[in-house]
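Work through the exercises below with the sequence and the 3D structure open beside you, and try each task before you read its solution.

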Amino acid sequence: MSRSNALGACFSHEAMATTFRVTIAAQEARYAQQAALAVFAEVDRLEGELSRFVDSSDISYVNALETGESCVVSPDTFRVLEIARDMYERTNGKFDVTIGSLVRCWVSSTGEPCVPDEDSLEHARAVSGFDLLELSEDDLRVKVLCAGVQIDLGGIGKGFALDVAALTLLEWGIDSAFLDSGTSTVLALDAAPDSDGWPVGLDGDRILVKNSALSGSGLAVRGEHIIDPSTGTPITGRTGAWALCPTAAVADALSTAFMLLSPEDVQNMCESVQLSAGRIVERDDVRNYGLWA
């Protein structure tokens, strides 16, 4: 599907349970369409490797491993797991892709909220934690140290797909474009001609974004939970968080982590990970960090 606006030709594609969109500026229409199709082919390929809902995916294979077993994964799967491990370490475990079992405790297969019994919750806690995985860069191998670990890349996979999509556009010689994966994460390359950036709505504000990614997390959707890995329970109180970062994968991960980290830790993350900005929302209280401070 394609359309046009003042900033360029727009194309959309359904994948990863959302709608991916790309707007390409300053290109002939046919060439822009071909580039968009190449982008969406990459997104589909990544879904086949990263989705826990695809039985033949790398993540499904890892999730089925017994204690001490390992398997070789694709370079992209290995890379997104490396980024996830880095985010796990930098956030002191607040961002953790191995909490698939915990998520299933609190959200039913139909997406409805539910309350687990204590035994189920205790077991889910026992099989969660990125330290239960070993990554071997030499042969792209993932080893499971405890059977039952369930990887869920929902908090980083779409952002990673946007980063790969952007690289695809650059390979096509396109450096002025805007990409998004639904309403949660956007990635802007250079601005369109005669523009200072790509406009994005943010909590009622309008900001211009270029050469960076913006991601938001929140509790606005019925049945949606953000699990605190340290307690194994859904968070309450904080209603939203945003992160503006150089890459979409990091922005995706850190917007989730910002829902859990203290204001002081959010500030430290904005400095240590070289973020441009961060924002957390607690009811009517909005706190800005970095360039938004």
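This is a predicted model: local features need pLDDT of at least 70, side-chain atom pairs count only at pLDDT 80 or more; totals for chains, interfaces and linings use all residues.

**Exercise 1. Cysteines**

Find out how many disulfides the model has, taking C270 as your test case.

Solution. Begin with the cut-off, which asks for a pair of cysteine sulfur atoms within 2.5 Å. Next, look for the cysteine sulfur closest to that of C270: it belongs to C245 and lies 7.8 Å away, so the two are too far apart for a bond. By this rule, the count for the model comes to zero disulfides. As a further step, consider burial, for which the limit is under 20% relative accessible area: C270 has 6% and is therefore buried, and C10, at 4%, counts as buried because of that limit too.

**Exercise 2. Two helices**

Describe how helix α1 (residues 29-50) and helix α6 (residues 157-171) are packed.

Solution. Two packed helices are described by the angle between their axes and by the distance between the axes. Here the axes of α1 and α6 come within 9 Å and cross at roughly 145°, and the crossing is right-handed. The residues in contact include A35, A38 and V39 of α1, and F160, A161 and V164 of α6.

**Exercise 3. A strand and its partners**

Determine whether strand β11 (residues 212-218) is buried or exposed, and which strands pair with β11.

Solution. Seven of the seven residues of β11 are buried, with S212, L214, G216 and G218 on one side and A213, S215 and S217 on the other. Strand β8 (residues 185-188) pairs with β11 in the antiparallel sense over four bridges, and V186 stands opposite L214. Strand β14 (residues 238-245) also pairs with β11 in the antiparallel sense, over six bridges, and there S217 stands opposite A241.

Notes: Residues are numbered from 1 along each chain as its sequence is written. Side-chain values use heavy atoms; hydrogens and water are left out. Buried means under 20% relative accessible area, exposed over 50%, partly exposed in between (1.4 Å probe, protein chains only). Axes are lines fitted to C-alpha atoms, for helices over the stretch in contact, and angles run from 0 to 180 degrees between N-to-C directions. A crossing is left-handed if the near helix is turned anticlockwise from the far one by less than a right angle, and right-handed if clockwise. Contact means heavy atoms within 4.5 Å. Two strands pair if DSSP finds at least two bridges between them.
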